[in-house]
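These are my notebook entries on one structure, set down in the order in which I looked things up. The sequence and the structure come before the entries.

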Amino acid sequence: MIYQNILRWHCYPEEEKAILADLKSCERIGRFQCLEEISGGARFRIFIKPLDNFFADIYQDYPAIRFTHEYASSRMHDYCRAIFLDGDVIDYHIPDTQDEIEQNARRVWGDDLCTDETMSFADEVERNWQEYLQEVLEHSKTGLIDKADEIAAVKYCRDMLTGSNIKQEYRSYLESLGDPLDVVCDAWIHAQNVDTGEEFDHMLWDLRDRQDAEQGHEPDQTM
């Protein structure tokens, strides 16, 4: 299940920049994806139902700022709005009727509303990603460092495949594969696998050349 989230706040521009920077850091480590800045807040997606304390660290870092967090499931069955201040929930609302829930859910999703086919494919890719994570976390710290580039590539492919902009013809093909994330990631890594030896050598030459130039223009200290 995909959950669209909207987080809004009321603060000064400097604080807003800091909050957005924190959210981008959260996206980089995989807490959510598809982060998008909107007026007075941000929008993003996650694959689990968010708990009230999903952003407890951010709420606590900015205790004087009032946050409003809304989320809605892609199947329109769930909607909730919670307001936080001083790190605590000061208002919590779930509509009484399913019609109200669906109405609010459609508002939260807006033009990004996914079709059943898109959701099914995104769920499959997310399962592939979770299986990959379980395998990766069995490695030692040194092993994780060695696999850093691969992990980044798999996460990038996961984020791209679970977006709503994959063409139907591509998705239809990928759905026929047992592990679409693995196949796409292998192809992506191969496409990025270029020989950078000459570029690295040229970089070292350029670095040394600039060092020589700087030393050649040092002022004469002898009088």
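Which strands each supply at least two residues of the lining of the largest cavity? I find that strand 4 (66-73) and strand 5 (79-85) do so, strands here being DSSP runs of E of at least two residues and helices runs of H or I of at least four, both numbered from the N terminus. I note that the model is predicted, so that local features need pLDDT of at least 70 and side-chain atom pairs count only at pLDDT 80 or more, while totals for chains, interfaces and linings use all residues. Residues are numbered from 1 along each chain as its sequence is written, and side-chain values use heavy atoms, with hydrogens and water left out.

Entry on the cavity. I worked on a 1 Å grid over the protein atoms alone, where a cavity is a set of points at which a 1.4 Å probe fits but cannot get out, a pocket is an open set with protein on both sides within 12 Å along at least five of seven lines, and lining residues have an atom within 4 Å of a point. Grid points are joined across faces, edges and corners, and a volume is the space filled by probe spheres set on the points. The count came to one cavity of 30 Å³ or more, and the largest cavity holds about 40 Å³ of space. Its lining consists of Pro50, Leu51, Asp52, His69, Tyr71, Cys80, Ala82 and Phe84, with strand 5 giving the most, three residues.

I read about 220 Å³ of space in the largest pocket; 13 residues line it, and the closest to its centre are Tyr132, Glu135, Val154, Asp179 and Asp182. Helix 4 (116-136), helix 6 (148-161) and helix 8 (180-192) are the elements that give two or more residues to this lining, and helix 8 contributes the largest share, five residues. Sorted by class, the lining has five nonpolar, one polar and seven charged residues, where Ala, Val, Leu, Ile, Met, Phe, Trp, Tyr, Cys and Pro count as nonpolar, Asp, Glu, Lys and Arg as charged, and the others, Gly among them, as polar.

Entry on strand 1. Because six of the eight residues of strand 1 (residues 3-10) are buried, I describe this strand as largely enclosed by the rest of the structure; buried means under 20% relative accessible area, exposed over 50%, and partly exposed in between, with a 1.4 Å probe and protein chains only. Strand 1 runs antiparallel to strand 3 (residues 41-46), with six bridges between them, and Tyr3 has Ile46 as its bridge partner there. Strand 1 is also antiparallel to strand 4, through eight bridges, and Trp9 stands opposite Phe67 in strand 4.

Entry on the aromatic rings. I counted eleven aromatic pairs, taking rings of Phe, Tyr and Trp (its six-membered ring) as paired if their centres lie within 6.5 Å, and calling planes under 30 degrees apart stacked, over 60 edge-to-face and the rest tilted. The rings of Phe32 and Phe44 lie 4.4 Å apart at their centres with planes at 35°, so I list this pair as tilted. Both Phe32 and Phe44 are buried. Phe55 and Tyr59 make an edge-to-face pair, at 6.4 Å centre to centre and 70° between the planes.

Technical notes
Pairing = 2+ DSSP bridges.
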